[in-house]
Amino acid sequence: MSFLLEVIISLFLLLGALFALVGSLGLTRLQDFFMRLHGPTKATTLGVGGMIIGSIIYFSAGDNALSMHELLIALFLFITAPVSAHIVGKAALHRQIACEERTRNIPWQQNGDD
Amino acid sequence: MTSFARKKVFPHKLLSLFMLGVWLVMSNSLGFGQWLLGGFLAWAIPFFTQSFWPQSMVMNKPWLAIRFLLLVLWDIVVANAQVAVLIMGPRQKLQPAFMRIPLELKQDFTITLLANTISLTPGTVSVDLQMNEGYLLVHGLHVTDVDATIAEIKSRYERPLKEIFECSNP
């Protein structure tokens, strides 16, 4: 495998790891529950995406055959991650978990019980 | 949609095509045997489970669908970078907000696609769907103008989805 290819693969892996790190940092840095919900969705989209692209290039170049089944990981994550985020958010909405005062249009303050 | 009793040979052509594609990608080869086995499964599974899927999907404009897919992928990349900056930046300046997006879409599948798209493009997460009142509740991490964001989501994501899947069956 050529040096250039290894550099490209490493760049994609680092990019993915960077976004996964930022997503995790978001979990600790952001203040209320609903804002923290945004962190993990980041880690799954570009974080996993970058690593998958790196993996596709590595195995396609190594075996001299196009290796695409990593794409299925992205496909299933793209289907499942928003659904779990939606359900977690719905549960938090039902419990009326405290959120930052500056949040606008808080549903349960607008029309009593939602 | 109305004839539940009569069995069709190909109840869901799009689903069958999708399953064949997934099978070929998963087996990681394009050999004749994989086409045969994948084709059989892609026919048999929708055929024997068709009573569970009363709504049949029709894709009117495949090219628009591909364009929409590329648009969403690009938006994911751009918005990811924006949100990364937001997370690392001063957090007291963030302006979170809940938004109610009135829905024009009618079918379950299309609404699911819209909600998934909204959650995947970072900065917005769909948290609740009120089918009776016809809106989707979305939480935004940093929204400066609520009405403008709602209008952008509607024109950027909802309208193409409506055109692709729902135009022929109102």
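The model is predicted, so local features need a pLDDT of at least 70 and side-chain atom pairs count only at pLDDT 80 or more, while totals for chains, interfaces and linings use all residues. Residues are numbered from 1 along each chain as its sequence is written, chains are lettered from A and ligands numbered from 1 in the order in which they are written, and side-chain values use heavy atoms, with hydrogens and water left out.

**Confidence**

- Let's begin with pLDDT, the predictor's confidence in each residue, from 0 to 100.
- Chain A averages 82, and 95% of its residues score at least 70; chain B has a mean of 81, with 92% of residues reaching 70 or more.
- Helices (H or I, at least four residues) and strands (E, at least two) are DSSP runs, numbered from the N terminus.
- In chain B, helix α2 (residues 32-48) comes out highest at 88 and helix α5 (residues 146-166) lowest at 83.
- For the complex, the predictor gives an ipTM of 0.76 and a pTM of 0.79.

**Where the chains meet**

- The contact (heavy atoms within 4.5 Å) takes 41 residues from chain A and 43 residues from chain B.
- Together the chains bury about 3,700 Å², 64% of it on carbon and sulfur atoms; buried area is the accessible area (1.4 Å probe) that two parts lose on being put together, summed over both.
- B:Ile87, B:Arg91 and B:Phe98 supply 18% of the area that chain B buries against chain A, more than any other three residues.

**Charged pairs**

- A salt bridge is a side-chain nitrogen of Lys or Arg within 4 Å of a carboxyl oxygen of Asp or Glu.
- The structure holds four salt bridges over all chains.
- B:Arg156 pairs with B:Asp75, their closest N and O atoms being 2.7 Å apart.
- Since B:Arg156 lies in helix α5 of chain B and B:Asp75 in helix α3 of chain B, this pair ties together parts that are 81 residues apart in sequence.
- Across the interface of chain B and chain A there is one salt bridge.
- A:Lys90 forms a salt bridge with B:Asp128, with 2.6 Å between the closest N and O atoms.
- On the side of chain B that touches chain A, α3(B) gives the most, with nine residues.

**Domains of chain B**

- Chain B is divided into domain 1 (3-52) and domain 2 (62-166), with bounds that come from an automatic or database domain assignment.
- The C-alpha centres of these two domains lie 31 Å apart.
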